[in-house]
Amino acid sequence: MDGSKFNYSDMLTLRPEWDLMTSVPRPKGAHLPHGLPLWNKKPLNSKLPLLAGPDGPVVFTRGKLGEKLWKSSPDSEFRLSDPYSREVRFDYEAAHDSHLRSWLRNPQTLQTLRLQDLITPGLRVKCSVDQYNLYRQFLYNLYSDALRREAARRENMMVEKMMLKKAYSEAEKDAARCKKFEDTNAKRLSNIKNIEVLQRQKLENCRKRLQRVVNRA
């Protein structure tokens, strides 16, 4: 095995610089289109402030009418850190009940909800800043879980790379031992051939001497 032609260790990085925040996107719903620019840059576990101002400019929404609100990722793990729901309260939201979707989107129901200013023109359900901050905490839990899964995936890849590097190193050592063994055997065979040549030469010399003795007689 020629290491100069294939240097496998160049392909392995044992501890790369991980930037999980940029590689793992934020969950859907974390972006507030009508908020201040800095709000979307704040960590999800930080609450948005309740600012005094005229009604209307800032509209908080968490999802569309008749769509499930508390949606977890299919590959997310079951959380055991908050058994009593102290971080996030999963309150029942009738406007986000998927079983009521057909009734909620009935023209008469939509007209009533619009008159009460409970939904946006895009059928997104309005909420208070407290409700939105609670929803941000839920999104933060989802995001943290995604970061943990990504870190675990990269850690497993790093372990696999280390194992591959070790296996490649052992393979190189085995190849070197085999080459040394072959060289030793080649030398032994060469010595045996030299001995056989010398023996044949001795036999030939003996035969010639015997022939000369016979010729003299």
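Tutor: This is a predicted model: local features need pLDDT of at least 70, side-chain atom pairs count only at pLDDT 80 or more, and totals for chains, interfaces and linings use all residues. Residues are numbered from 1 along each chain as its sequence is written, and side-chain values use heavy atoms, with hydrogens and water left out.

Student: How many salt bridges does the structure hold?

Tutor: A salt bridge needs a side-chain nitrogen of Lys or Arg within 4 Å of a carboxyl oxygen of Asp or Glu. By that rule, the structure's count is 8.

Student: Is Lys 126 buried, partly exposed or exposed?

Tutor: Lys 126 pairs with Asp 117 in a salt bridge, 2.4 Å from N to O. Buried means under 20% relative accessible area, exposed over 50%, and partly exposed in between (1.4 Å probe, protein chains only). Asp 117 has 48%, so Asp 117 is partly exposed. Lys 126 has 27%, so Lys 126 is also partly exposed.

Student: Arg 153 and Glu 150 meet in a salt bridge. Which helix holds both?

Tutor: Their N to O distance is 2.6 Å. Helices are DSSP runs (H or I, at least four residues), numbered from the N terminus. Arg 153 and Glu 150 sit 3 residues apart, about one turn, in helix α4 (residues 129-216).

Student: Is Glu 150 buried or exposed?

Tutor: Arg 153 has 41% relative accessibility, so Arg 153 is partly exposed. Glu 150 has 15%, so Glu 150 is buried.

Student: How far apart are the closest N and O atoms of Arg 177 and Asp 174?

Tutor: Arg 177 and Asp 174 are 3 residues apart in helix α4, so about one helical turn separates them. Their salt bridge has its closest N and O atoms at 2.0 Å.

Notes:
Helix = DSSP H or I, 4+ residues; strand = E, 2+ residues; numbered from the N terminus.
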